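This report describes the strand arrangement and the charged side-chain pairs of the structure shown below.

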Amino acid sequence: MSTGTEPPADALGERTGADDAAFMGIALRLAKRGLGRAWPNPTVGAVLVCQDRAEVVGRGWTQPGGRPHAEVVALAQARERARDTTLYVTLEPCAHHGQTPPCAEAIVEAGVRRVVCAVEDPDPRVRGGGLGRLRAAGLEVCVGPLADEAHRVALGHILRIMRQRPFVQLKLAVGSDERMAPGDGAPVWVTGQAARDQAHMLRAQADAILVGRGTVAADDPSLTCRLPGMAAWSPVRVALDSALRTPEAAKLLTEQEVAPTWLVCGEDAPSDRAQALEGQGATILRAPQAADGALHLEAVVELLAGQGITRLMVEGGPTVARAFLDADLVDEAVVFVGREPAGPDGLQPFVSEGLDRLRNSRHLRCVDRRDVGEDRRFTYWRAD
């Protein structure tokens with residue numbers, strides 16, 4: 001019996017290109033459920049479809065911590081009904097033995113007849129091997145439906161493999177005068193509740209959220225996801241603190257039962273201070289510094305990728321925002337613009353530059369504008 005949400009089969013029970021795109025769309029929506037939860041693995045969505053009735057008999061997405069994989073979840077749900085089905089999967093099934101057996105082997109053993117994959121996995125442990133194993137077992141394999149969208153969902157994984165860094169999303173909130181509220185130790189909202197809720201959802205979809213020490217000193221933020229029932233989706237909190245001057249009473253250190261805190265410091269930061277902060281539960285990561293004492297952001301993001309981070313949300317103040325743009329490390333920028341001004345004490349979002357820095361960027365282009373309550377949201381994507 002059809003679930004009522006899947007596209008119909010044609011008269012001969014064969015899949016068409018439109019059917020493949022529609023079912024892959026379902027798989028991609030499932031994959032997005034794992035954003036922020038699957039690292040260090042990529043989040044993947046999988047849908048098993050009975051070919052003659054266009055009925056979904058199994059579906060899954062990568063579970064927290066990266067296991068079990070989406071394909072395994074879908075196969076377990078379908079059980080014996082997986083035989084002679086079509087599997088729609090957003091990223092190439094793995095072909096290597098890790099902490100779990102290869103998904104490609106499980107697919108073959110389940111008797112799946114056809115596999116539709118959106119994009120191949122660049123991981124050298126996979127890289128065509130999963131699809132090759134399926135073809136060798138006689139399965140029909142199709143690659144490419146909704147590849148662009150699947151590539152964006154898996155971009156954190158792809159960048160970590162190809163460039164040794166995570167996907168970087170810059171988030172800003174400014175008033176109608178395009179200035180940021182100054183930090184003074186208490187929250188100052190320049191956007192409404194709907195925009196703030198969306199910002200918290202962005203946090204939930206990130207593996208880690210990063211700020212500078214200035215933001216910690218000025219605002220003492222928690223950097224958690226405060227949507228109802230979603231505290232467990234809070235990302236790792238990362239603070240750039242070259243000399244380890246974060247006070248021990250900071251919320252990042254006293255509220256680690258919700259999410260861990262990593263402090264990135266310079267190579268010469270005091271060892272006794274590092275030990276004291278580690279004693280409070282913080283993880284200390286050391287990175288090289290420039291002549292002016294600033295941490296090398298290329299090294300910082302490489303460090304985070306080495307810890308398994310695939311999606312990094314940057315939510316610091318103007319100095320950190322400008323530094324990531326200057327280093328050309330921003331893959332996506334999300335800007336919320338409120339209807340009320342930040343006022344005469346408001347800050348330029350990039351220290352001495354306004355939002356024209358984004359509008360005139362050669363590397364980022366605005367791809368979406370929409371209303372969020374009474375506010376506006378602008379989304380920029382990397383164009384090269």
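Why does aspartate 84 count as partly exposed? Aspartate 84 is placed in this class because its relative accessibility is 39%, where buried means under 20% relative accessible area, exposed means over 50%, and partly exposed lies in between (1.4 Å probe, protein chains only).

The model is predicted: local features need pLDDT of at least 70, side-chain atom pairs count only at pLDDT 80 or more, and totals for chains, interfaces and linings use all residues. Residues are numbered from 1 along each chain as its sequence is written, and side-chain values use heavy atoms, with hydrogens and water left out.

**Sheet**

Nine strands form an open sheet with mixed pairing, in the order β10-β9-β8-β7-β11-β6-β12-β14-β13. From one strand to the next, the twist averages 20°. Strands (E, at least two residues) and helices (H or I, at least four) are DSSP runs numbered from the N terminus; two strands pair if DSSP finds at least two bridges between them.

Within this sheet, β6 (residues 167-174) pairs with β11 (residues 311-314) in the parallel sense over four bridges. Valine 168 stands opposite leucine 312 in β11. Helix α7 (residues 193-204) lies across β6, β7 (208-212), β11, β12 (332-337), β13 and β14 (375-382), and runs at about 160° to β12. Contact here means heavy atoms within 4.5 Å; axes are lines fitted to C-alpha atoms, for helices over the stretch in contact, and angles run from 0 to 180 degrees between N-to-C directions.

**Salt bridges**

The whole structure holds 20 salt bridges, each defined as a side-chain nitrogen of Lys or Arg within 4 Å of a carboxyl oxygen of Asp or Glu. Three of them are listed here.

| Glutamate 149 | Lysine 32 | 3.1 Å |

Aspartate 84, in the loop between α2 (70-78) and β3 (85-91), and arginine 113, in the loop between α3 (103-110) and β4 (114-119), are 29 residues apart. Arginine 113 counts as partly exposed because its relative accessibility is 43%.

Glutamate 178 lies in the loop between β6 and α7, and arginine 359 in helix α13 (residues 356-359), 181 residues apart. Glutamate 178 is partly exposed at 26% relative accessible area, as is arginine 359 at 40%.
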